[in-house]
There are 2 protein chains.
Amino acid sequence: MVASEFVSELRQRYGIEFKDLSLLDEAFTHSSYVNEHKELGLKDNERLEFLGDAVLELTVSDYLYRKFPDRPEGDLTRMRSAAVRTRAFSGFSKEAHFDRYIKLGKGEERAGARTRLTLLEDLFEAFNGALYLDQGREANIKFAKQIIFPKIDAGEFSADMDHKTALQEYVQQDGEVDIEYHLLAETGPAHARQFQVDVAVDGTVLGSGIGKNKKAAEQAAADDALTKLRAK
Amino acid sequence: MVASEFVSELRQRYGIEFKDLSLLDEAFTHSSYVNEHKELGLKDNERLEFLGDAVLELTVSDYLYRKFPDRPEGDLTRMRSAAVRTRAFSGFSKEAHFDRYIKLGKGEERAGARTRLTLLEDLFEAFNGALYLDQGREANIKFAKQIIFPKIDAGEFSADMDHKTALQEYVQQDGEVDIEYHLLAETGPAHARQFQVDVAVDGTVLGSGIGKNKKAAEQAAADDALTKLRAK
């Protein structure tokens with residue numbers, strides 16, 4: 001079962017007490033641990049992650065919708081993407097000390113899975129899935145008020161709102177430049193169309209991106225270019 | 001305002017009565033209508049679509065999670081994708097006669113937007129966003145019980161569960177064949193990695209796909225190949 005100091009910590013820091021501790025336990029059981037202890041017949045946290053992903057998506061969407069009554073849909077979508085992406089969710093997991101309590105298989109532990117961002121993201125989702133099943137969506141909103149909404153209020157995800165604008169600001173620091181986006185390919189069946197775009201600054205291709213429409217692919221390309229420019 | 005026969009139809013067919021009819025009105029106002037009637041200062045349905053998208057994602061996820069207690073996360077994710085995709089949502093919109101009542105600009109009307117699947121998908125999402133704001137999530141669940149869950153129960157989305165298996169069954173009708181998936185490219189920044197894969201049957205490339213991991217890209221490639229094979 002999940003460590004008793006974690007149960008105490010959840011209560012003290014977040015006021016969360018699980019009625020059904022087996023749900024909390026399931027959320028903190030990685031598939032690698034299940035595989036190494038087949039004889040125990042444990043459940044891993046992947047189904048809870050599936051559910052928690054959707055719970056968090058609505059929690060964040062509802063908050064953004066009400067907080068920014070005058071922002072167009074595109075801005076809300078970009079902020080939501082930034083708030084629910086791996087970097088954000090893995091950060092929340094660490095802030096809540098979830099990384100200390102996930103049960104891993106020995107191989108994954110040695111491979112450094114405990115600090116892997118996607119694992120921490122999945123864990124944050126699984127915890128929220130368990131919380132939703134145990135206490136209903138109000139409990140997720142209460143938890144988000146403590147751990148997600150303050151970052152939205154602080155504008156932490158607004159910088160990610162529009163990568164094209166951010167790229168423009170970055171490359172034009174030293175004067176006017178010419179930024180062009182080119183559509184390279186359209187692939188996939190009609191119901192799951194994919195667009196591939198690259199972005200060139202003064203004729204040099206700096207990044208590429210894929211998206212379900214041209215606009216999304218351009219945003220991804222701008223984000224890619226910015227990431228590479230900032231890493232220089 | 002939205003047509004009174006539609007208000008009656010919603011009440012009679014689905015037992016839905018909006019407290020705030022302006023929300024229903026907003027859900028049925030396309031941006032092209034707003035642009036053609038700037039003097040009216042209307043709101044289009046895009047913000048409601050943003051919200052409704054997340055409401056529907058949770059509604060479907062919750063239902064699948066509870067209905068299939070023994071299915072692994074991968075199966076749930078594929079069924080969810082099938083149930084919330086354009087083809088599904090646009091079908092629900094038509095079934096509920098939403099296509100009759102959307103307010104369009106004249107240009108879009110002439111261009112055939114009223115039957116465009118993505119418009120009908122957005123409309124279904126916007127309606128659910130409006131319903132959620134007006135009456136809370138229980139109303140969305142009640143509506144889903146009438147229009148979405150019966151299709152899940154009938155297995156309508158299970159066929160889409162696993163494209164790789166479906167492709168295998170399709171091409172092996174006339175005997176054993178060799179199916180291979182090849183990773184073509186990995187692109188994008190670490191937090192938004194994209195994988196591109198193609199699928200070859202007996203050495204002939206039949207489809208390609210993109211996904212956020214190799215498994216998803218392979219599923220997309222299999223789906224692409226199947227679509228092309230079935231169109232032959």
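Two conventions come first. Residues are numbered from 1 along each chain as its sequence is written, chains are lettered from A and ligands numbered from 1 in the order in which they are written, and side-chain values use heavy atoms, with hydrogens and water left out. As the model is a predicted one, local features need pLDDT of at least 70 and side-chain atom pairs count only at pLDDT 80 or more, whereas totals for chains, interfaces and linings use all residues.

I begin with chain A on its own. Chain A has 12 helices and 3 strands; helices (H or I, at least four residues) and strands (E, at least two) are DSSP runs, numbered from the N terminus. The C-alpha atoms of chain A fill a box of roughly 60 × 40 × 40 Å along the principal axes. Of the 232 residues in chain A, 52% are buried. Here buried means under 20% relative accessible area, exposed means over 50%, and partly exposed lies in between, with a 1.4 Å probe and protein chains only. Contact means heavy atoms within 4.5 Å, and among the contacts in chain A with a separation of 6 or more, 55% are between residues 24 or more positions apart.

How are the two chains related? Chain A can be laid on chain B by a turn of 180 degrees and a shift of 0.1 Å along the axis, with an RMSD of 0.1 Å. That is the relation of a two-fold axis. The superposition is by least squares on the C-alpha atoms of residues with pLDDT of at least 70 in both copies. The same surface serves both copies, as 98% of the contact residues of chain A recur in chain B.

I turn now to the interface. The size of an interface is often given as the accessible area lost when the parts come together. Between chain A and chain B the buried area is about 3500 Å², and carbon and sulfur atoms give 60% of it; this is the accessible area (1.4 Å probe) that two parts lose on being put together, summed over both. Arg47(A), Phe50(A) and Tyr65(A) supply 25% of the area that chain A buries against chain B, more than any other three residues. The contact involves 40 residues from chain A and 39 residues from chain B.

What polar links cross the interface? The rule finds 14 residue pairs in polar contact, both residues at pLDDT 80 or more. A polar contact is a pair of N or O atoms within 3.5 Å; within protein, one must be able to donate a hydrogen and the other to accept it, and residues adjacent in sequence count only if both atoms are side-chain atoms. On the side of chain A that touches chain B, helix H4 (46-67) is one of the elements that supply at least two residues, and H4(A) gives the most, with 15 residues. There are also 2 salt bridges between the chains, a salt bridge being a side-chain nitrogen of Lys or Arg within 4 Å of a carboxyl oxygen of Asp or Glu. One salt bridge joins Arg80(B) to Asp53(A), with the closest N and O atoms 3.2 Å apart.

Asp224(A) also makes contacts in both chains. This residue lies in helix H12 of chain A and is buried, at 3% relative accessibility. Leaving aside neighbours within four places in sequence, Asp224(A) is in contact with Gly207(A), Ser208(A), Gly188(B) and Pro189(B). A polar atom of the Asp224(A) side chain lies 2.8 Å from the backbone nitrogen of Ser208(A).

Over all chains, the structure holds 28 salt bridges. In one of them, Lys103(A) pairs with Asp25(A), the closest N and O atoms being 3.1 Å apart. The pair links distant parts of the chain, 78 residues apart: Lys103(A) is in the loop between H6 and H7, and Asp25(A) is in helix H2 (residues 21-27). Both Lys103(A) and Asp25(A) are buried.

Finally, a point of backbone geometry. Most residues other than glycine have a negative phi, and most peptide bonds are trans. His97(A), which is not a glycine, has a positive phi of about 65 degrees and is found in the loop between H6 and helix H7 (106-110) of chain A. Asp202(B) likewise has a positive phi, near 50 degrees, and its place is the loop between strand S2 (194-201) and strand S3 (204-211) of chain B. Asp202(B) is partly exposed, with a relative accessible area of 49%.
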